[in-house]
Amino acid sequence: MTLKELEPQLLALNPAEKAQAIQLLVQSLSNTWQGIEKTPGVCGGDARITGTRIPIWSLVNYRRLGATDARILQDFPHLSAADLVNAWAYADAHPEEIEAAILRNEED
């Protein structure tokens, strides 16, 4: 998608959504994501929830298998709703990375 194609959609957002879009872009440009970390040698260097060994790709895959956010929080009681918000934002901004990680881990 090009910026020209995206422009009408961006302009149609309400002020709160525009603020969220700006935050997402700033995070993407600075490559820092609140609540998300990557460490070589931990979870294969994949993006994960800060302070855990739960990779973002595994949460995305679990969601694709039908798990709701409520179910994920039930199954991972040490995660918060904010952790999931951060995970989904990261996944939305890095779809190729997440897809590659899911495929790589399905092969194992």
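Which elements do the buried residues of α5 pack against? They pack against β1, β2, α3, α4 (69–75) and α6.

**Before you click.** The model is predicted: local features need pLDDT of at least 70, side-chain atom pairs count only at pLDDT 80 or more, and totals for chains, interfaces and linings use all residues. Residues are numbered from 1 along each chain as its sequence is written, and side-chain values use heavy atoms, with hydrogens and water left out. Helices (H or I, at least four residues) and strands (E, at least two) are DSSP runs, numbered from the N terminus.

**Stop 1: helix α5.** Select residues 81–93. Now colour the buried residues (under 20% relative accessible area; exposed is over 50%, partly exposed in between; 1.4 Å probe, protein chains only). In α5 they are D83, L84, N86, A87, W88, Y90 and A91.

**Stop 2: N86.** Stay in helix α5 and pick N86. N86 is buried, with a relative accessible area of 17%. Show its contacts (heavy atoms within 4.5 Å). Leaving aside residues up to four places away in sequence, N86 touches Q34, G35 and I36.

**Stop 3: α5 against α6.** Axes are lines fitted to C-alpha atoms, for helices over the stretch in contact, and angles run from 0 to 180 degrees between N-to-C directions. The pair is therefore roughly perpendicular (65 to 115 degrees; under 35 is roughly parallel, over 145 roughly antiparallel, the rest oblique). Select Y90, A91, D92 and A93 of α5, then P95, E97 and I98 of α6: these make the contact. By class, there are five nonpolar, no polar and two charged residues. Nonpolar means Ala, Val, Leu, Ile, Met, Phe, Trp, Tyr, Cys and Pro; charged means Asp, Glu, Lys and Arg; the others, Gly among them, are polar.

**Stop 4: α5 against α3.** Select residues 56–64, helix α3. The axes of α3 and α5 come within 10 Å and cross at roughly 95°. That makes α3 roughly perpendicular to α5. I56, L59, V60 and R63 in α3 meet L84, A87, W88, Y90 and A91 in α5. This contact has eight nonpolar, no polar and one charged residue.

**Stop 5: C43.** Finish in the loop between β1 (36–37) and β2 (48–49), where C43 lies. Its phi is near 55°, a positive value in a residue other than glycine. C43 counts as buried, at 17% relative accessibility.
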